[in-house]
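Please look over the sequence and the model before reading on.

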Amino acid sequence: RQENVPGAFPYTAGVFPLKREGEDPTRMFAGEGGPERTNRRFHLVSAGLPAKRLSTAFDSVTLYGRDPGEALDVYGKVGTSGVSIASLDDMKKLYSGFDLCAPTTSVSMTINGPAPAILAMFMNTAVDQQTEAFLKAESRWSDAEARISERLGVDRPVYVPYQSDGLPEGHDGTGLGLLGCTSADLVEWGILSPGEYEAIRDRAMSSVRGTVQADILKEDQAQNTCIFSTEFSLRVMGDIQQAFVDRDVRNFYSVSISGYHIAEAGANPVSQLAFTLANGFTYVETYLARGMDVDDFAPNLSFFFSNGMDTEYAVLGRVARRIWAVAMRDLYGASDRSQKLKYHIQTSGRSLHAQEIQFNDIRTTLQALLALQDNANSLHTNAYDEAITTPTEESVRRALAIQLILNREFGVLFNE
């Protein structure tokens, strides 16, 4: 076997033979305040890009599955260091203006304990978006909107633009038509037939692209946003993956097996990779024990690593791909597609300095370069001010520019 041929077993140099054309691996992490504020940030970081790769940070209240009420231990944390999402309407506002079923749209959600509920909200948001688009294409939206307004009256929710300056630039107003109701409600109200609803639902679920983190083992080891027992969470993860198999959900990853938080908690690169791959193989064994075929679920597994300043980060992706491919083939008899380890990189938050923060861009650039040279499948670059605050629009533009310059101007990365 040839170790350094991209797209060939054991995929040491990359899981694809050539780099993707027309789409950068950029996936910028964002989340702050309410859904309208984060929606504005999503439109900012994806402006002008052919592919919309959205990565969602949730606030601690959402991460722990709490209701954002006025309790003293909750109120001051709502919308801090992440977006507050407590309802289906919040989710619809968050991703409005983006076609969640478009092949150029991909959404990542960093949520673990309450991941099943958040994932259900996301899938229903995608379905309701497609229902709205279907009714408009069939010239039935005016009648549907009149019926919705009649049913909901003054209680019909609305999108309240952040800073009261209208919809964000690039927002086309879509995805907001079914606030306060669902596609299932439209069936009950006689606006949509049961057959139309089922066809829209199945098409949406098979088309939507993205990832939900849902890595409960890593939570138990590092980040600790555990709200259910590990055993119960593993069973629910298995239920979700089985539903993905049954409903032909092939473009959405049911888990992002994460080493990033393990690294942020203090692990070195070797320990990060060891724990992460061990967790990955645990999920494989768990799903096999439920009777699933390895090739039905393994393509729905993805990985997430940190890139820091240590030497080993130069080859972390290569080592991970090789170990995973050999084990999946030789231990589990998995197909070529199941042998391919695909992963996201976020530059190291732990490596950022709180003094002279302007130099953090240099650290992030070096870490991003390692990720791109190692053929990471997607990449988030941290803003220089993240060591002391939530990133500003200016610092996020600089972080995004690091990737654009590396991808489009740095000649070394033009080579396959």
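The model is a predicted one.

Five strands make up an open sheet with parallel pairing, and their order is 1-2-3-4-5. The edges are held by strand 1 (28-30) and strand 5 (252-253); each has a single partner strand, so one side of each is left without a neighbour in the sheet. Strand 5 pairs with strand 4 (residues 210-212) in the parallel sense, over two bridges. Within this pairing, F252 in strand 5 stands opposite G210. Helix 1 (residues 35-45) lies across strand 1 and strand 2 (52-57), and its direction is at about 165° to strand 1.

Another open sheet has four strands, which pair in parallel in the order 6-7-8-9. Here strand 6 (255-258) and strand 9 (378-380) are the edge strands, and since each has a single partner strand, one side of each is left without a neighbour in the sheet. From one strand to the next, the twist averages 25°. Strand 6 and strand 7 run parallel and are joined by four bridges. Helix 13 (residues 316-330) lies across strand 7 and strand 8 (343-347), running at about 155° to strand 7.

## The nonpolar cores

The largest nonpolar core has 47 residues, of which Y95, M109, F122, M123, L186 and F252 touch the most other members. At least two residues of this core come from each of helix 3 (88-94), strand 3 (105-110), helix 4 (115-137), helix 5 (141-152), helix 7 (194-207) and helix 9 (230-246). The element that gives the most to this core is helix 4, with nine residues.

M109 illustrates the contacts made by a member of this core. When neighbours within four places in sequence are left aside, the residues in contact with M109 include M91, Y95, I118, L119, F122 and F252. Also among the contacts of M109 are T56, F58, T211, V212 and Q213.

S306 is located in strand 7 (residues 301-307). With a relative accessibility of 1%, S306 counts as buried. Residues up to four places away in sequence aside, S306 touches Y260, A263, E264, Q272, Y313, I345, Q346 and S348.

S338 belongs to helix 14 (residues 336-339). The relative accessible area of S338 is 1%, and the residue is buried. Its side chain is joined to that of D295 by a polar contact of 2.7 Å. D295 is also listed among the contacts of S338 beyond four places in sequence, together with V294, A298, P299, W324 and M328.

## Salt bridges

Side chains of opposite charge can pair when their charged atoms come close. Over the whole structure, a search finds 15 salt bridges.

| Salt bridge | N to O distance |
|---|---|
| R40 and E393 | 4.0 Å |
| K92 and D128 | 2.9 Å |
| D330 and R329 | 2.8 Å |

R40 and E393 meet in a salt bridge. This pair links distant parts of the chain, with R40 in helix 1 and E393 in helix 16 (residues 393-408), 353 residues apart. E393 has a relative accessible area of 39% and is partly exposed.

K92 and D128 form another salt bridge. Because K92 lies in helix 3 and D128 in helix 4, the pair ties together parts that are 36 residues apart in sequence. Are the two residues of this pair, K92 and D128, buried or exposed? Both K92 and D128 are buried.

In the pair formed by D330 and R329, D330 is partly exposed at a relative accessible area of 48%. R329 is likewise partly exposed, with a relative accessible area of 37%.

Finally, a network of salt bridges links R201, D202 and R247.

Technical notes. Residues are numbered from 1 along each chain as its sequence is written. This is a predicted model: local features need pLDDT of at least 70, side-chain atom pairs count only at pLDDT 80 or more; totals for chains, interfaces and linings use all residues. Side-chain values use heavy atoms; hydrogens and water are left out. Two strands pair if DSSP finds at least two bridges between them. Contact means heavy atoms within 4.5 Å. Axes are lines fitted to C-alpha atoms, for helices over the stretch in contact, and angles run from 0 to 180 degrees between N-to-C directions. A nonpolar core is a set of buried Ala, Val, Leu, Ile, Met, Phe, Trp, Tyr and Cys residues joined through side-chain atoms within 4.5 Å. Buried means under 20% relative accessible area, exposed over 50%, partly exposed in between (1.4 Å probe, protein chains only). A polar contact is a pair of N or O atoms within 3.5 Å; within protein, one must be able to donate a hydrogen and the other to accept it, and residues adjacent in sequence count only if both atoms are side-chain atoms. A salt bridge is a side-chain nitrogen of Lys or Arg within 4 Å of a carboxyl oxygen of Asp or Glu.
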